[in-house]
Amino acid sequence: MLKEIRVFAPASVSNIACGFDAMGFAIDNPGDEVVLRFTDNVGLTIKTITGDNNQLSYNISENTAGAPVAALMKDFNIQQGVEIEIHKKMALGSGLGSSAASAVAAAYAANILFELNLSLLELLPYAIKGEEIASGAVHADNVAPCLFGGFILIRSYSPIDIVELPVPDNLYCTIIHPNIIINTKESRKLLPVDVPLRSAITHWGNTAGLVAGLYKNDISLIGRSIEDVIVEPVRGMLIPGYYDIKDAAYEAGAAGCNISGSGPSIFALSNSLMVANNVGARMKDAANRAGLSSNIYVSTINKVGPKVLYKL
Ligand code: HSE
């Protein structure tokens, strides 16, 4: 019988500009790590959290990794004591799906440690429970790509309908993470409730264009579809120098560029590693000019999702 497991779950880019709350993809790095182990104590406890600047709660029901494990233990009547270690490898409020990565790593680890044999689709609602704590809303556009890997379309939330989309081999993602924090829960409150028909037309055209581009291996079409006339005008204002950073990405050859999740991270898609690296350097220069220090991540699209780092 297993005693302990350590799982990595990747960062993800949600919304992908035109698909607010409905699309996302996973990247190779960064990602969070969660350790789950059986103990002789009773119940579920969080033993350690690192990399969070003391911001995360040790209270199970308020913790994105704790809540999914607690729900699985309740539903499957796990009586043994269990403890969790959470190792955050990306900043909170970064727009990189940090809370989703912890929730997915925990749910994925629990499925293996408790020998539940749940499918990824069956695990998804548990991971969503964790994400809900962080963002105050039920949305799966980070959790689903983090759990399944690749590009994911959430066609419907009720009932949940997940579509795994194909990924062109030569698609590269550059992320700039400017070192400021944007709280997703707060930033969602700023968004318009109603959308003009004209904006909706732009969005469903682009969402369909993005899906078609993925199926056709057409990176130019994918790039042209990276457009957001509803959320970006609100959230772009929260990121100093956002439009200059975006211009720099296009000037360096990016096919598309927009805000990752609720920001402040910004993603750009390119058709080669060389362009993706160049895009990163130019975005960093533009962020510097706006007075922001930043981290750059260049990655292929992560088609794997969570990874078991060790089992004991
Ligand atoms: N779709 C979500 C949002 C992702 O943009 O608010 C952030 O977690």
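**Figure 1. E251 and its salt bridge to R282 in the predicted model.** E251 is exposed, at a relative accessible area of 58%. The closest N and O atoms of R282 and E251 are 3.6 Å apart. The pair joins distant parts of the chain, with R282 in helix α10 (residues 273–289) and E251 in helix α9 (residues 242–251), 31 residues apart.

**Figure 2. The salt bridge between the side chains of D169 and K303.** The N to O distance is 3.1 Å. D169 belongs to the loop between β6 (160–165) and β7 (172–178), whereas K303 belongs to the loop between β10 (294–300) and β11 (307–311). The contact therefore ties together parts that are 134 residues apart in sequence. D169 has a relative accessibility of 65% and counts as exposed. K303, at 47%, counts as partly exposed.

**Figure 3. The salt bridge between R37 and E4.** The side chains meet at 2.9 Å, N to O. R37 lies in strand β2 (residues 23–39) and E4 in strand β1 (residues 4–14), so that distant parts of the chain, 33 residues apart, are linked. R37 counts as buried because its relative accessible area of 15% is under 20%. E4 is also buried, at 12% relative accessibility.

**Figure 4. The salt-bridge network that includes E4 and R37.** E83 and E85 are linked with E4 and R37 in this network. A search of the whole structure finds eleven salt bridges, among them the pair R37 and E4.

Definitions and conventions. Residues are numbered from 1 along each chain as its sequence is written. This is a predicted model: local features need pLDDT of at least 70, side-chain atom pairs count only at pLDDT 80 or more; totals for chains, interfaces and linings use all residues. Side-chain values use heavy atoms; hydrogens and water are left out. A salt bridge is a side-chain nitrogen of Lys or Arg within 4 Å of a carboxyl oxygen of Asp or Glu. Helices (H or I, at least four residues) and strands (E, at least two) are DSSP runs, numbered from the N terminus. Buried means under 20% relative accessible area, exposed over 50%, partly exposed in between (1.4 Å probe, protein chains only).
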